[in-house]
Amino acid sequence: MTDPNRRKSLAPATFIAALVLTIVAAFAWTAGVIGPKRQSGGDVADALEYNGGGPHPGYRRAHAKGLCLDGTFVANGAGSQLSSAKVFRPGSYPVIGRFSVAGGNPLATDGRNVFHAVGLILRTPDGQEWRTAMDHTPIFPVADPQSFADLQYASWPDPKTGKPDPAKMKVFIAHHPETKAFQDYMMKALLPSSFANATYYSISAFRFTDGQGRTRFVRWQIVPDAQMMGLNKKALDSLPRDYLFREMIARTARGPSRWQLQLVVANAGDVTDKATVAWTGPHRTIDAGVLTVARVQPEEKGQCRDLNFDPTILPSGIAISDDPLLPARSKAYSTSFRRRAGEAPGHSAAAQDLGVKATVK
Amino acid sequence: MTAPARTHFSPVLRLIHWAMALLVLIMLFIGVGMVSTTGEAYVSLLALHRPVGIAILGLALLRLAIRLKTGAPPLPRDLPAPQRLAAKASHLFLYAAMIGMPLIGWGMLSAGGYRVALSKSVALPPILPHDLPLYALLRTSHTVIALAFFALILVHLAAALTHGMIRRDGVMQSMTFGDARHERSAINDPDDTSLRPERIAILKID
């Protein structure tokens, strides 16, 4: 029974097995399968799907209702004081983008006091891209991705009432004064009556590095030429479902809309890693150029549907800050993109309005 | 002819093997690590993932060319046929994965409408059309093949160590830089079945 070969090989065999198991364990830990729980992109996408009353296959998990745009950004050169990005050098650069309203329901009504948003991709001849996704508020309701996911669960609108459970929101607000501050802001602030007359904000701060290698924190905003006007918040229920979309389509048929791109430089002491905190008081602000939206199209026809407006895709001269929302948005957008890529794209509200036949590709 | 038996892979190939072993393993860890989190690591690991992937593609192609030109030392004559087949097939799959994974990643980004950025200023051209169903297919393949690749690497490692520590037949030493001869100096060890006379004979011919 005593096979000397077998006895001799027992120690090395044990060593080999132990080594392989150690590598597998390290791999599983790195993948987040074992060890402390960490938030994945799927966790955020699941939270958004939950809030939206279940997944809407073929659509973005957030800001599902959208309208494609294209136009140009004409830089005046002033932005080069802050960033070496080519997009700030004098010239005209093509832009594609997407107007949207918040929420996971692609056919939701526009009569809601929620984010109006725009995603943009600015391209320069060297092939670099600046992707951004902006909202019409200068601040965000939460500062970190875990709170964001928690908020999606807490603010789930009960289908019976259409409103979140006040008890759950009360518990959430008790732990999140910044969300209360955001809600108070939303109550008071103008809810833009058009996509064209809203100011859109970068939400997070970013690092801008100029040609001399100097780095500053910057937030940006695009400020409309059109006069800012608000919807009647008391009459939102009676607003036609696609009011904002129809308005923008009709407006753009008459002529383009324009915005000034303003770069706002942080003062010493400004919070740069929390999108919940506004920068107040005077700030050095640079007008970097004019964004013109010349055309809008339903997602079936435009170029925006199959793109991910990941705000961490940035040209040289712009980099992300330490705001934890930025990596989380990048990952969550990517997960949402992957999910919908595997589903047949759905019809957009705007295409229904225009009677556009949806084309799958 | 009685030329000395070929005991090693070509030196350049051995060097590339070990460099790639490290890179590929790191790459697999970067891959599963970055997709597991919404934290800052996601952005920094993603920035590493693409250039390292392209470096692996370049090295793998160079390695394939060297491998095809210089061949491999023979496997021990006493190795059972199924194990020979397993060795050959696993090497084929390892090469396929080393070359295929970066190409799938490249193609996947192309199909997703992303710039295939190696750094902010350096990008590769797209190799596939912007097509979301294709993106979905490649994105899933990228994960499935990565996990299979990882499993295969572990099998490869365990097999190599078994050859090196248990069979002591010089197979593992064919990829290392030590002198393989001492492995065969235990010629008088009657227990060592890997050094039967016919095994030694093939070391002399070739």
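## Chatting through the contact of chains A and B

User: Hi! How many residues does each chain put into the contact between chain A and chain B?
Analyst: Hello! Chain B gives 31 residues to the contact and chain A gives 37. Keep in mind that this is a predicted model.

User: Which elements of chain B give two or more residues to that side?
Analyst: Those are α1 (11-34), α2 and α4 (132-167) of chain B. The largest share comes from α4(B), with 13 residues.

User: And how does the side of chain B that touches chain A divide into nonpolar, polar and charged residues?
Analyst: There are 16 nonpolar residues, ten polar ones and five charged ones.

User: Let's look at α1(B). What should its 24 residues span?
Analyst: At 1.5 Å a residue, α1(B) should span 34 Å, and because its end C-alpha atoms are 34 Å apart, the two values agree.

User: Which residues of α1(B) are buried?
Analyst: The buried ones are B:Leu13, B:Ile16, B:Val24, B:Met27, B:Gly31, B:Val32 and B:Met34.

User: What about B:Phe29, where is that found?
Analyst: B:Phe29 is also part of helix α1 of chain B. It counts as partly exposed, because it has 18 C-beta neighbours inside 10 Å, while 20 or more would be needed for buried.

User: What is B:Phe29 in contact with, leaving aside neighbours within four places in sequence?
Analyst: Its contacts are A:Phe27 and A:Thr30. Within its own chain, B:Leu45 is 16 residues away along the sequence, and the C-alpha atoms of that pair are separated by 9.8 Å.

User: Now α2(B) and α3(B). At what angle do they pack?
Analyst: Helix α2 (residues 40-70) and helix α3 (residues 81-111) of chain B pack at about 145 degrees, and their axes are 9 Å apart. Their crossing is left-handed. On the α2(B) side, the contact includes B:Gly53, B:Ile54 and B:Leu57, and on the α3(B) side, B:Tyr95, B:Met98 and B:Pro102 are among the residues that make it.

User: How many charged residues are in the contact of α2(B) with α3(B)?
Analyst: It has no charged residues; by class there are eleven nonpolar and two polar ones.

User: Switching to chain A, how many helices and strands does it have?
Analyst: Chain A comes to eight helices and ten strands. Its C-alpha atoms fill a box of roughly 95 × 60 × 45 Å along the principal axes. Of its 361 residues, 44% count as buried.

User: How do α3(A) and α4(A) pack?
Analyst: Helix α3 (residues 145-154) and helix α4 (residues 166-175) of chain A pack at about 160 degrees, with axes 9 Å apart. That makes α3(A) roughly antiparallel to α4(A), because the angle is over 145 degrees. The crossing is left-handed.

User: Last one: is A:Ser330 buried or exposed?
Analyst: A:Ser330 is buried, because 22 other C-beta atoms lie within 10 Å. It is placed in helix α7 (residues 325-341) of chain A.

User: What does A:Ser330 contact, beyond neighbours within four places in sequence?
Analyst: A:Ser330 is in contact with A:Asp310 and A:Thr312, and also with B:Tyr42 and B:Val43 of chain B. A:Thr312 is 18 residues away in sequence, yet 6.2 Å away from A:Ser330 in space, C-alpha to C-alpha.

Notes
Residues are numbered from 1 along each chain as its sequence is written. Chains are lettered from A and ligands numbered from 1 in the order in which they are written. This is a predicted model: local features need pLDDT of at least 70, side-chain atom pairs count only at pLDDT 80 or more; totals for chains, interfaces and linings use all residues. Axes are lines fitted to C-alpha atoms, for helices over the stretch in contact, and angles run from 0 to 180 degrees between N-to-C directions. Helices (H or I, at least four residues) and strands (E, at least two) are DSSP runs, numbered from the N terminus. A crossing is left-handed if the near helix is turned anticlockwise from the far one by less than a right angle, and right-handed if clockwise. Two residues are in contact if their C-beta atoms, placed from the backbone, lie within 7 Å. Ala, Val, Leu, Ile, Met, Phe, Trp, Tyr, Cys and Pro count as nonpolar, Asp, Glu, Lys and Arg as charged, and the others, Gly among them, as polar. The expected span of a helix is 1.5 Å times one less than its number of residues. A residue is buried if 20 or more other C-beta atoms lie within 10 Å of its own, exposed if 12 or fewer, and partly exposed in between; C-beta atoms are placed from the backbone. Angles under 35 degrees count as roughly parallel, over 145 as roughly antiparallel, 65 to 115 as roughly perpendicular and the rest as oblique.
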